[in-house]
Amino acid sequence: MSTNPNHTVLSGEEPVNPDHGFHYHCSTGDLMGPLGLLVQGLLAFLAFSSLIAKRYCEPRYERRPWRIWFFDTSKQAFGAFLIHFANVFLADISKGGDPCTWYVVSFLLDSTIGLVVIYIGLKITQAIVDRYKCESLKFGEYGSPPKCNAFIGQCGLYLLVMIVEKILMTLLISFHFWKDVRKFIMSPVKDPHVELVIVMFIIPLVVNAFIFWVVDNFLKRKIKGTKTIYVTEHDPSVTYHRRLEKAHSYNKIERSEESDLLASTDEEIDIRHRSSSTDHLLS
């Protein structure tokens with residue numbers, strides 16, 4: 001039994017560490033218990049909702065069709081689930097200290113140093129892809145029309161980067177000084193349920209919303225020096241001036257999957273005709 005009458009002990013918890021004299025707020029299995037699963041489900045919903053918000057915050061000429069957006073963001077979803085459940089598993093098998101503190105320290109490492117590792121990993125992989133001309137593995141480019149094979153290949157490449165990042169962060173957190181950090185970081189919290197909500201919901205929600213926005217910019221197709229406007233074929237709201245090499249839009253137009261004309265600007269003028277619905281692409 002706990003020596004603190006105000007302390008709630010979760011199932012299987014060893015209340016006091018005899019060597020250090022501090023309470024273990026969480027015990028093995030609590031991260032995947034009913035409360036843990038509830039807050040994780042809510043976290044996943046709200047965190048990925050931030051990516052939907054990001055899509056609508058993008059300039060309309062850069063806004064991705066829903067299928068492309070799904071391909072881009074689902075890579076992040078698979079990677080986030082991989083890292084999350086790896087952290088939960090490693091926290092549960094850790095020796096000494098409660099799993100909640102192990103999880104939050106590991107999560108914060110993934111979100112700081114790990115983010116730098118991910119950025120470097122993505123740059124290295126894309127340099128290799130460019131060198132060997134593996135077009136289907138260029139992040140954000142899935143062909144026309146978008147192909148699932150390209151998405152699967154890019155997803156596998158991204159997961160490989162995430163696995164390397166997780167291995168490096170696991171090696172880093174194995175250093176002894178992190179034990180002192182784990183004892184200190186959640187020491188003000190004395191209730192195990194509050195600790196679980198903070199560790200599995202509040203901190204990850206704020207951090208993941210930021211991380212998802214940043215990584216989404218890494219994974220989506222880069223648009224260089226081009227503004228793209230999607231309009232219908234006979235829409236008078238857009239005029240194109242060949243000599244000035246620019247297009248003027250007089251109305252803000254939302255892209256739809258049935259758009260007939262794509263007007264954009266670049267150094268070279270090229271006109272290609274689509275075979276379906278007499279659509280035209282001006283680039």
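## Order of helices and strands

Along the sequence, the chain follows the pattern α-α-α-α-α-α-α-β-β-β-β-β-β. It has seven helices and six strands; helices (H or I, at least four residues) and strands (E, at least two) are DSSP runs, numbered from the N terminus. The model is predicted: local features need pLDDT of at least 70, side-chain atom pairs count only at pLDDT 80 or more, and totals for chains, interfaces and linings use all residues. Residues are numbered from 1 along each chain as its sequence is written, and side-chain values use heavy atoms, with hydrogens and water left out.

## Burial and contacts in the chain

Of the 283 residues of the chain, 42% count as buried. Buried means under 20% relative accessible area, exposed over 50%, and partly exposed in between (1.4 Å probe, protein chains only). Contact means heavy atoms within 4.5 Å. Among contacts between residues at least 6 apart in sequence, 64% join residues at least 24 apart.

Helix H1 covers residues 34-57, and its 24 residues should span 34 Å at 1.5 Å a residue. The expected span is 1.5 Å times one less than the number of residues. The end C-alpha atoms of H1 are 35 Å apart, which agrees. The buried residues of H1 are Gly36, Val39, Gln40, Leu43, Ala47, Phe48, Ser50, Leu51, Lys54 and Arg55. An α-helix has 3.6 residues a turn, so residues three or four places apart point the same way. What covers the buried residues of H1 includes helix H2 (66-93) and helix H7 (192-219).

Lys54 lies in H1 and counts as buried because its relative accessibility is 5%. Leaving aside neighbours within four places in sequence, Lys54 is in contact with Arg64, Trp213, Asp216, Asn217 and Lys220.

## Helix H3

Helix H3 runs over residues 99-111; its 13 residues should span 18 Å, and its end C-alpha atoms are 18 Å apart, which agrees. H3 is mostly covered, with twelve of its 13 residues buried. Among them are Trp102, Tyr103, Phe107 and Asp110. The cover over the buried residues of H3 includes H2, H4, H5, helix H6 (177-185) and H7.

## Packing of H4 and H7

Two packed helices are described by the angle between their axes and the distance between the axes. Helix H4 (residues 113-131) and H7 pack at an angle of about 10°, with their axes 11 Å apart. Here axes are lines fitted to C-alpha atoms, for helices over the stretch in contact, and angles run from 0 to 180 degrees between N-to-C directions. H4 and H7 are therefore roughly parallel to each other (angles under 35 degrees count as roughly parallel, over 145 as roughly antiparallel, 65 to 115 as roughly perpendicular and the rest as oblique).

On H4, the contact is made by Leu115, Tyr119 and Leu122, and on H7 by Ile211, Val214, Val215, Phe218 and Leu219. By class, this contact has eight nonpolar, no polar and no charged residues. Ala, Val, Leu, Ile, Met, Phe, Trp, Tyr, Cys and Pro count as nonpolar, Asp, Glu, Lys and Arg as charged, and the others, Gly among them, as polar.

## Tyr142 in a loop

Tyr142 lies in the loop between H4 and helix H5 (148-173). At 3% relative accessibility, Tyr142 counts as buried. Apart from neighbours within four places in sequence, Tyr142 is in contact with Ile68, Phe71, Asp72, Lys75, Lys147, Ala150, Phe151 and Gln154. The C-alpha atoms of Tyr142 and Ile68 are separated by 8.0 Å, although these residues are 74 residues apart along the chain.

## Cysteines

A search of the whole structure finds zero disulfides, a disulfide being a pair of cysteine sulfur atoms within 2.5 Å. Cys57 counts as exposed, at 57% relative accessibility, whereas Cys155 is buried, with a relative accessible area of 7%.
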